[in-house]
Amino acid sequence: MIRAVLVMNTQGRPRITKFYEFWPVEKQHEAIRNVFSVLCSRAEHVSNFVDAESIFGPDSRLVYKHFATLYFVFIFDSSENELAMLDLIQVFVETLDKCFRNVCELDIVFNYSKIHAILDEIIFGGQVLETSSTEVMKAVEEITKLEAASNAINLVSKSVSNWRSR
Amino acid sequence: MEQLKTIGRELAMGSQGGFGQSKEFLDLVKSIGEARSKAEEDRIVLREIETLKRRLLEPDIPKRKMKEYIIRLLYVEMLGHDASFGYIHAVKMTHDDALPLKRTGYLAVTLFLSDDHDLIILIVNTIQKDLRSDNYLVVCAALNAVCKLINDETIPAVLPQVVELLGHSKEAVRKKAVMALHRFYQKSPGAVSHLVSNFRKRLCDNDPGVMGASLCPLFDLVTIDAKSYKDLVSSFVSILKQVAERRLPKSYDYHQMPAPFIQVKLLKILALLGSGDKQASESMYTVLGDIIRKSDSSTNIGNAVLYECICCVASIHPNPKLLESAADVIAKFLKSDSHNLKYMGIDALGRLIKLSPQIAEQHQLAVIDCLEDPDDTLKRKTFELLYKMTKSSNVEVIVDRMVDYMISISDDHYKTYIASRCVELAEQFAPSNHWFIQTMNKVFEHAGDLVNIKVAHNLMRLIAEGFGEDDDATDSQLRSSAVESYLRIIGEPKLPSMFLQAYAISALMKIYAFEVAAGRKVDMLPECQSFIEELLASHSTDLQQRAYELQAVVGLDAQAVQAILPRDTRCEEIEVDKDLSFLNGYVDQAIEKGAQPYIAEDERNGMGNVSNLRSQDQHESIQHGLRFEAYELPKPPMQSKVDPVSSTDVVPVPEALSYRETHPISSVGSTSEAGSSELKLRLDGVQKKWGRPTYSTPTSSTTNSPSEKPANGASHVDSATASYSKSRDSQNTKKTEIDPEKQKLAASLFGGSSQPERRSSTGHKASRSSGGAADGSRGSKAVEKTIQQPPPPDLLDFSDEPTVTSALPSVDPFKQLEGLLDSSMSSTTNHNAGTATIAPDIMSLYGDSTASQDSLDIFHGLSTEPTGATSGETTVTTLPQSVKGPNAKDALEKDALVRQMGVNPTSQNPNLFRDLLG
């Protein structure tokens, strides 16, 4: 299963962190720091895999990908394939890109819940759910639409009730 | 200008809509983004926490605002600060009817809470309700929360609903329900064991996505118990076939690959089911072959599937054709420029190597390239591969490499790991005792505190008790050379590890004890004094105790000291009275006086942890100890079936024999004054041997000349099967253009026959043993000197005085101690002296041959070859036996003896106490 998804910028600030098993906040933070120190010491044009057992315990592998100012990091165990995980990062980033048209760090910072919605459509409870970015987009758009609709209903009903109570 | 840009960006984002964050939030993110230091960032976040605390207490917060507060809380926690004060608000938000708020609430609780948090109880009810909702998005949000928040206690509360959802009309929901059930199974297998059949059922779901989701739990189930899923082999194979033949809807394609993630999972399952099952494996051959042929190796995901195929081929009952195509894929991986593919290639090679060892030989140069690659991940993977292919013929090169790498890294976790690997390989395959000791020294020198302390104790015991060889002379020589190497280490400026200090203090103790017992006045050197004082204040109670003991011992009279540390008990059994029965009288007396009787440790409350720790410790000791059962035969040589030359794998044997034969000869050197130069020579040899394999010693350069390589390779080709001769031929021709260094490394790593290298190493050994012997007799001379000079030898002088340290290595402390013995107690027999007298007779025969290194080498050639020819399986086993400790059974009881040797800081010595107290 996938243990965690981390997105951090090149200064080591976490942008999205999602642990699929519970980790206390302090340990999360320590792990993020350790991952960052490993990643920033890696040269360019080397493999995307890192030995993560010292950070995340036995049977854990780490795959990362560097995009502009961001590191995308997936941590998972031996039941997943490293190359496939690398492509899953690609799927995630492609979807973000489609969602925000030329995604950048700020988009991720300001759209926290939407990013999580996207991630939840790709990975569910630590398992790969969907690998087609168009499918993910469809699902996310539907969610946004329904949310907007329910929002509107809420607003209307509220204004109606407000008006009535007056 | 910068600011303008950000403001512009913000405006643009604002106009994008969909996230009505307030100016406050934007300011927060911006100020954090601009913070120059961690402290500044912390200040900003702490201020934000204060603000949020205040705001959350306000009455009637608009829901929209509330949602933003929750997001801000998440943000605070992501930056590593505690936001627990707001958890309750997130929980409340899950109760909200509005979808966006509910989803935000669920998102927040899944990120905030652990599955045993107190607040979960407030959510379970909501989850139950939401799982029954008509709105499938609400159901999905609830399922998402279920995965993270439900533990084995709360599973029963939601289980019926989740099972019901397996039949939901929407495939997205079915898929998620399967995964949620899988999660339950992971968390508490017992709670859902009766529902396992559901996973089988979902395998036949109309929707391929749901089928794919059910593969994950099935993979887990098959991992645990493959037998009960054998009936599914045909289903899995036919699914895989359909997927590979693109029968799935186009929407499942990914980069022109049909459903690659499903393929990967299926291949993983088949690998488990086919392992050790010929019949099941045979049904997979066709589809595997098809996939390997069809897969597109130009895309990442295509390679992922190919790699999974190799893993499957390596795991199931072997099929020569598939192995061949797997080898081709590996070749492609290794030749690729991508580090990722090289990594996968090395990993795949490690899997396949057990089935077809010759494949490693085809790729030897690629492997060596990976070993020298700057990429750490790749390097470590390659060491993993080397570890798997270690055998007695290449253990020296591999362990040398590992040690070199170990020295170069600073990551303690991996250092510990690779040190333990080195120890393991050295114990298992050591070609000679000398090599073993030297390797262990290196490991301790550079990773001293990281190695399990038991390894050191075992090594010391090994040296103390001998190696199980018949004649004591060999043992004692080995001992003296070991001690010699330790002296060199002590000469180095730093003594980092605690246990080295322990060794030092107990050595000091012994020397002073001998001095006192011999009735001489003891003047403690200032260095020793300060060392002892340092240890008196040590954090380690063991070191402290030793230091105090030493102080006490020095103050006693000769007779008491003799009782405490008798002089020649090296091989005497000491019975440790573990019940401390000699204290019974004292205890009874105390109890009579009204003292509390002793309560055993594990009976005391709250002490469970301690005893746990202890048992863990013991467990570790078992794991890391030297193995006392018989060593297994060296792993089968690479071309064991086809290549008669591979009998040279047995080469270690001739070494051991020749070593025994030659040592008396070499002792000749000892009579001359050339001892010191001999010694130097030996050290040179050692260094060259342990350094990168350059083989630059004059003796070995002749035997190792490149001209011999092709001949060597040719002999391989002759004996190899026709199918491989071709590939190897091309390899050989290629080799000529490649760096000779690399070639040598390749030959020593992969080559089955390593005779030249071997011979040179025996050459070293001879010179070294001669040095050791030389030292022996020199040592006895030195003893006489030291007897006349009351100040004890500066064995443990840690000062950097060059004169002292340089003089040290020529003095054998063991001999010296024995010499001291002789001076007062001439009746004790000294077996070392015995050897010295016997040896010269034999030596004189060959006396001339040792004069020059060359002739010595010739002699070695003579002595190794006949033994090499006669060597067989049985001789192989004798060597490893000589490496490990001989006394398998009573090894444990000898801990006390080990303590006497001063090497076991953890064990107790009641005798010592008695004498001190009484």
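User: In this predicted model, how many residues lie between E4(A) and E5(A) in the hairpin that they form?

Analyst: Strand E4, residues 61-67 of chain A, runs antiparallel to E5(A), and seven bridges join the two. In the turn of their hairpin, Ala68(A) has a positive phi of about 45 degrees. The number of residues between the two strands of this hairpin is two.

User: Is strand E5 of chain A largely enclosed by the rest of the structure or largely open, and how many of its residues are buried?

Analyst: Both faces of E5(A) are covered, with Leu70(A), Phe72(A), Phe74(A) and Phe76(A) buried on one side, and with Tyr71(A), Val73(A) and Ile75(A) buried on the other. Strand E5 of chain A is therefore largely enclosed by the rest of the structure, and the count of buried residues in this strand is seven of seven.

User: Which residue in E5(A) is the bridge partner of Asn9(A)?

Analyst: Strand E1, residues 2-9 of chain A, pairs with E5(A) in the antiparallel sense over seven bridges. Asn9(A) has its bridge partner in E5(A), and that partner is Leu70(A).

User: Which residue of chain B is joined to the side chain of Glu82(A) by a polar contact of 3.4 Å?

Analyst: Glu82(A) lies in helix H3, residues 82-100 of chain A, and this residue is buried, with a relative accessible area of 4%. Leaving aside residues up to four places away in sequence, Glu82(A) touches several residues, among them Phe76(A), Tyr343(B) and Met344(B). The polar contact of 3.4 Å joins the side chain of Glu82(A) to that of Tyr343(B).

User: How many salt bridges does the rule find across the interface of chain B and chain A?

Analyst: The contact takes 74 residues from chain B and 67 residues from chain A, and the two chains bury about 6100 Å² between them, 59% of it on carbon and sulfur atoms. One salt bridge brings together the side chains of Asp375(B) and Arg42(A), at 2.9 Å from N to O. By class, the side of chain B that touches chain A has 39 nonpolar, 18 polar and 17 charged residues. Across this interface, the number of salt bridges found by the rule is six.

User: Which residue of chain B forms a salt bridge with Arg13(A)?

Analyst: In this pair the closest N and O atoms are 2.9 Å apart, and the pair crosses between chains, from the loop between E1 and strand E2 of chain A to helix H3 of chain B.

User: Is Lys138(A) buried or exposed?

Analyst: Lys138(A) meets Glu135(A) in a salt bridge of 3.4 Å, N to O, and both lie in helix H6 of chain A, three residues apart, about one turn of the helix. Glu135(A) is partly exposed, with a relative accessible area of 26%. Because the relative accessibility of Lys138(A) is 52% and the cut-off is over 50%, Lys138(A) counts as exposed.

User: Why are Lys38(B) and Asp42(B) separated by about one helical turn?

Analyst: Lys38(B) forms a salt bridge with Asp42(B), with the closest N and O atoms 3.4 Å apart. Lys38(B) counts as partly exposed at 44% relative accessibility, and Asp42(B) counts as partly exposed at 22%. The separation is about one helical turn because, in helix H3 of chain B, the two are apart by four residues.

How values were computed. Residues numbered from 1 in each chain as written. Chains lettered and ligands numbered in written order. Predicted model: local features only at pLDDT ≥ 70, side-chain atom pairs only at ≥ 80, totals over all residues. Heavy atoms only, no water. Contact = heavy atoms within 4.5 Å. Buried area = accessible area lost by both parts, 1.4 Å probe. Salt bridge = Lys/Arg side-chain N within 4 Å of Asp/Glu carboxyl O. Nonpolar A, V, L, I, M, F, W, Y, C, P; charged D, E, K, R; others polar. Buried < 20%, exposed > 50% of the residue type's maximum accessible area, 1.4 Å probe, protein only. Pairing = 2+ DSSP bridges. Polar contact = N/O pair within 3.5 Å; in protein donor to acceptor, adjacent residues only side chain to side chain.
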